[in-house]
Amino acid sequence: TNIWYIAAVCGVRPETILVTNISADENLMLFLDIILTGFHMMCPMRWIMLAPIELTAFFAYMVPAIWIGPAPPALLVSNGLALGMLIAAAASGKRSLEIHERRSFISVAAE
């Protein structure tokens with residue numbers, strides 16, 4: 001959620017309430033999410049082969065955010081956890097799909 005949208009829905013001008021501008025890295029996180037989801041859904045490869053892409057996406061956000069970014073530590077932790085959970089869910093989904101495909105192939109081959 002973006003604080004600007006929530007404030008607009010409530011009829012409040014955020015410039016009058018907020019003292020500092022909070023950077024939430026939404027664009028980078030969304031871009032990494034699109035890349036990860038695309039690779040997990042569209043690439044016909046085993047789930048373990050996607051591990052380098054998952055690690056690259058995680059560190060592509062965390063390293064610059066820690067090293068360069070002015071984001072508060074709580075935001076870094078929450079964004080890192082969210083990205084980690086997204087990666088874990090995508091890997092788990094890919095693995096369960098792979099298991100389902102293998103079981104389906106075994107049942108077709110047995111007929």
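How many aromatic pairs does the count come to? In this predicted model, the count comes to 1 aromatic pair. The pair is formed by F58 and F59, with 5.4 Å from centre to centre and 75 degrees between the planes. This geometry is edge-to-face, because planes over 60 degrees apart are classed that way. The accessibility of the two rings' residues is listed below.

| Residue | Relative accessibility | Class |
|---|---|---|
| F58 | 23% | partly exposed |
| F59 | 46% | partly exposed |

Both values fall in the partly exposed class because that class lies between under 20% for buried and over 50% for exposed.

**A buried glutamate**

E54 lies in helix α4, which covers residues 51–67. E54 is buried and has no salt bridge. The nearest side chain of opposite charge belongs to K94, 9.3 Å away; a salt bridge would need a side-chain nitrogen of Lys or Arg within 4 Å of a carboxyl oxygen. Leaving aside residues up to four places away in sequence, E54 touches L36, H40, I87 and A91.

**The chain as a whole**

The chain has 5 helices and 0 strands, and its elements run α-α-α-α-α from the N terminus on. Its radius of gyration is 19 Å, whereas a compact globule of 111 residues would have one near 13 Å. Along the principal axes, the C-alpha trace spans about 70 × 35 × 20 Å.

Of the 111 residues, 21% count as buried. The chain exposes about 8,200 Å², and carbon and sulfur atoms supply 72% of that area. Among contacts between residues at least 6 apart in sequence, 63% join residues at least 24 apart.

Notes: Residues are numbered from 1 along each chain as its sequence is written. This is a predicted model: local features need pLDDT of at least 70, side-chain atom pairs count only at pLDDT 80 or more; totals for chains, interfaces and linings use all residues. Side-chain values use heavy atoms; hydrogens and water are left out. Rings of Phe, Tyr and Trp (its six-membered ring) pair if their centres lie within 6.5 Å; planes under 30 degrees apart count as stacked, over 60 as edge-to-face and the rest as tilted. Buried means under 20% relative accessible area, exposed over 50%, partly exposed in between (1.4 Å probe, protein chains only). Helices (H or I, at least four residues) and strands (E, at least two) are DSSP runs, numbered from the N terminus. Lys and Arg count as positive and Asp and Glu as negative; His and the chain ends are not counted. Contact means heavy atoms within 4.5 Å. The radius of gyration is taken over C-alpha atoms; the globule rule is 2.2 Å times the number of residues to the power 0.38. Accessible areas come from the Shrake-Rupley method with a 1.4 Å probe; for residues, only the protein chains shown count as cover.
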